[in-house]
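Student: I have a new structure open and would like to learn how to read it. Can you walk me through it?

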Amino acid sequence: MPITWPHIIEDDFLKDKDFNFFLNFYNQNVKDDGLGISKNKIWLDGNVEGNLSKNYLILFYNNYRTKLVSYLEKLAPERLKLAKWLELNLVWTGKNYKYQIHEDSPNKLLSVVIYLYPKENIGTILYSDNIGSNKTEIKWLQNRALIFAREEGITWHSYQGDGKST
């Protein structure tokens, strides 16, 4: 039985310039069973935190804000008034790393996972419950985005490396 909780899949999510920009941040220092994260946050008042340049983060926000807001309007319109920042995190999953089945934290209004590198790996795995029933994998494709709005007790998912590539 396929997963029916609301989500959107969009191929070619990032503009080529941005996709290539993020590829340059590939982290080869992640342990095979580890995780690497570069956290970045753009506040609506213009303040910026993180590892990426302030100018790039503001440009990213300006280029993708309308698109992201449209997804939030579609998936969880009641959350629009709660938006205070855009968080842009780069995550490297070690080839043997496995993140357990979970729901995103309640402070995430909208989750957008974009597959960057390598060309092939395991995509995000969706479930109908927290014990792993009705597993459905969103196929990994570079520059494919999985977009969803967290719903308590509904949006269970996990991710992992494929045993070959970070």
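Tutor: Let's begin with charge. In this protein, the mean positions of the 21 positive and 20 negative charges are 2 Å apart. Keep in mind that the model is predicted.

Student: How do I read pairs of charges, and how many salt bridges are there?

Tutor: The general idea is that side chains of opposite charge can pair when their charged atoms come close. Here the count comes to six salt bridges. One of them joins the side chains of glutamate 10 and lysine 67, with 2.9 Å from N to O. Glutamate 10 sits in strand S1 (residues 8–10) and lysine 67 in helix H2 (residues 54–75), so this pair ties together parts that are 57 residues apart in sequence.

Student: Are glutamate 10 and lysine 67 buried or partly exposed?

Tutor: For burial, the cut-off is under 20% relative accessible area. Glutamate 10 has 17%, so it counts as buried. Lysine 67 has 24% and therefore counts as partly exposed.

Student: Which residue forms a salt bridge with glutamate 103?

Tutor: That's arginine 150, and the closest N and O atoms are 3.6 Å apart. Both residues lie in loops: glutamate 103 between strand S7 (98–102) and strand S8 (111–114), arginine 150 between strand S11 (145–148) and strand S12 (156–160), so the pair ties together parts 47 residues apart in sequence. Glutamate 103 is buried, at 15% relative accessible area, and arginine 150 is buried too, at 11%.

Student: What about aspartate 104 and its salt bridge?

Tutor: Aspartate 104 pairs with lysine 108, and their closest N and O atoms are 3.9 Å apart. Aspartate 104 is buried at 8% relative accessibility, while lysine 108 is partly exposed at 36%. Elsewhere, salt bridges that share partners join Glu103, Arg150 and Glu152 into one network.

Student: Let's step back to the whole chain. How many helices and strands does the protein have?

Tutor: Two helices and twelve strands. Going along the sequence, the pattern reads β-α-β-β-β-α-β-β-β-β-β-β-β-β.

Student: How do I judge the overall size?

Tutor: Compare the radius of gyration with what a compact globule would give. For 166 residues that would be near 15 Å, and the protein has 16 Å, which agrees. The C-alpha atoms fill a box of roughly 40 × 40 × 25 Å along the principal axes.

Student: And how much of the protein is buried?

Tutor: Of the 166 residues, 39% count as buried. The protein exposes about 9600 Å², with carbon and sulfur atoms supplying 49% of that. As for contacts with a separation of 6 or more, 79% of them come from residues 24 or more positions apart.

Student: What should I look for in the backbone?

Tutor: Look for exceptions: most residues other than glycine have a negative phi, and most peptide bonds are trans. In this protein, a cis peptide bond joins tyrosine 117 and proline 118, with omega about 5°. You'll find proline 118 in the loop between S8 and strand S9 (125–127).

Student: Where does asparagine 134 lie, and what is its phi?

Tutor: Asparagine 134 lies in the loop between S9 and strand S10 (136–137). Its phi is positive, about 50°, although it is not a glycine. Asparagine 134 is partly exposed, with a relative accessible area of 31%.

Student: And asparagine 143?

Tutor: Asparagine 143 has a positive phi near 70° and is found in the loop between S10 and S11. With 4% relative accessibility, asparagine 143 counts as buried.

Definitions and conventions
Residues are numbered from 1 along each chain as its sequence is written. This is a predicted model: local features need pLDDT of at least 70, side-chain atom pairs count only at pLDDT 80 or more; totals for chains, interfaces and linings use all residues. Side-chain values use heavy atoms; hydrogens and water are left out. Helices (H or I, at least four residues) and strands (E, at least two) are DSSP runs, numbered from the N terminus. The radius of gyration is taken over C-alpha atoms; the globule rule is 2.2 Å times the number of residues to the power 0.38. Buried means under 20% relative accessible area, exposed over 50%, partly exposed in between (1.4 Å probe, protein chains only). Contact means heavy atoms within 4.5 Å. Accessible areas come from the Shrake-Rupley method with a 1.4 Å probe; for residues, only the protein chains shown count as cover. Lys and Arg count as positive and Asp and Glu as negative; His and the chain ends are not counted. The place of a charge is taken as NZ of Lys, CZ of Arg, CG of Asp or CD of Glu. A salt bridge is a side-chain nitrogen of Lys or Arg within 4 Å of a carboxyl oxygen of Asp or Glu.
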